[in-house]
Amino acid sequence: MAGSAAQAVAPEALTSGARPSRVSTSLRRSLRWLGVVPFGVYVALGLIVPTIAIAIGAFQNTSTGAWTLDNIKLATGADYLPGLRNSVLLSIASAVVPGIFGLLIAYAIHTAKRGKLLRQIVVTASGVFANFGGVPLAFLFIATLSTTGVVTGWITDLTHVKIWNHGFTLYDPLGIFVVYMYFQIPLMVLVILPALEGLRPAWREAAHNMGARTWQYWRYVGGPVLFPAFLGCVLLLFGSAFSAYATAEALDNTIALTPIQIGALENGNVLAGQEHTGYALGLFMVIIIAVVMIIYTILQRRAARWLR
């Protein structure tokens, strides 16, 4: 009797205990939102507020504060438009070429037999090199590939060819491209490796069992699955190169690139009445980066359907 009574009461106790009160449920929801607050504040202060300030300043007259399109017209004029064009072209080259090399390196690591140690070394080194930039990176290349650089001297001693006499220089867009390769290739290795690891071995085995060769597997299976992730990584490299400033500024601040032009304007190298031209150039960069990030997000979602 006592046992049956206990069994009859126990389910009711468990059931009543399993139902949280409305107060505890609302408290949990409040705590969840509270955890997002620091990130929301960070995004608001570091991204949203500066973007709004740039957008407002781009359409304001510097003296009267009235709304105007003069800043946009100046930013798209002959003085600044070549810088925007050079920045876009340099970013495209600094995304596509390192993207291909980074993909090949990552694939070699991914397919290497007994490559766990090699993978750890390469991933660690890539993490270091991808975050190495600014003035130290500029000094590194000046010390190695300038007219009196160490590597320049080695090339001259071995081949009797002075590369600086054949059009090479660090102080033009081509030289900046060479410098950007230093951190863009490791960055590509880091971001494309997870996509390569998402390719299931069963897909390749099934393709081979059906008589497909290696190139056919990549043409009809591996390539289409990996291509959205690859494009997304290339767009990420484009954004990294397009927004880079310190390295190019340290090498030569006379190169016609939009970040350097904005830096010069913010430092006071501007004519009277054109103080807000830098805001207009910054607005162009924000729009381009926003479009790139939107496309990147779409491609990553499409790639995630297969690479889960």
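Arg119 counts as partly exposed, at 31% relative accessibility. This value, like every other here, comes from a predicted model. Glu197 is partly exposed too, with a relative accessible area of 40%.

Arg119 and Glu197 form a salt bridge. Their closest N and O atoms are 2.5 Å apart. The count for the model comes to one salt bridge. What does the pair tie together? Glu197 lies in helix H8 (residues 173–197) and Arg119 in helix H5 (residues 116–130), so the bridge links parts that are 78 residues apart in sequence.

Helix H8 also holds Leu187. Is Leu187 buried or exposed? Its relative accessible area is 19%, and buried means under 20%, so Leu187 counts as buried. Leaving out residues up to four places away in sequence, Leu187 touches Ala130, Leu237 and Ser240. Gly127 is 60 residues from Leu187 in sequence. In space, the C-alpha atoms of Leu187 and Gly127 are 7.3 Å apart.

| Residue | Relative accessible area | Class |
|---|---|---|
| Arg119 | 31% | partly exposed |
| Glu197 | 40% | partly exposed |
| Leu187 | 19% | buried |

Next come two helices, H6 and H7. The axes of helix H6 (residues 134–145) and H7 come within 3 Å. They cross at roughly 25 degrees. Angles under 35 degrees count as roughly parallel, so H6 and H7 are roughly parallel to each other. Which residues meet where these helices touch? On the H6 side they are Ala143, Thr144 and Leu145. On the H7 side they are Val150, Val151 and Thr152.

Thr156 lies in H7 as well, a helix that covers residues 150–159. The side chain of Thr156 reaches the backbone oxygen of Val161 at 3.5 Å. Setting aside neighbours within four places in sequence, Thr156 is in contact with Val161 and Lys162.

How confident is the prediction? The mean pLDDT of the protein is 82. Of its residues, 88% reach 70 or more. Where is confidence lowest, and where is it highest? It is lowest in helix H1 (residues 2–18), at a mean of 47. It is highest in helix H4 (residues 81–111), at 91. Over residues 1–16, pLDDT stays under 50. For that stretch the model has zero contacts beyond four places in sequence.

Note on methods. Residues numbered from 1 in each chain as written. Predicted model: local features only at pLDDT ≥ 70, side-chain atom pairs only at ≥ 80, totals over all residues. Heavy atoms only, no water. pLDDT = per-residue confidence, 0-100. Helix = DSSP H or I, 4+ residues; strand = E, 2+ residues; numbered from the N terminus. Contact = heavy atoms within 4.5 Å. Salt bridge = Lys/Arg side-chain N within 4 Å of Asp/Glu carboxyl O. Buried < 20%, exposed > 50% of the residue type's maximum accessible area, 1.4 Å probe, protein only. Polar contact = N/O pair within 3.5 Å; in protein donor to acceptor, adjacent residues only side chain to side chain. Axes fitted to C-alpha atoms, helices over the stretch in contact; angles between N-to-C directions. Parallel < 35°, antiparallel > 145°, perpendicular 65-115°, else oblique.
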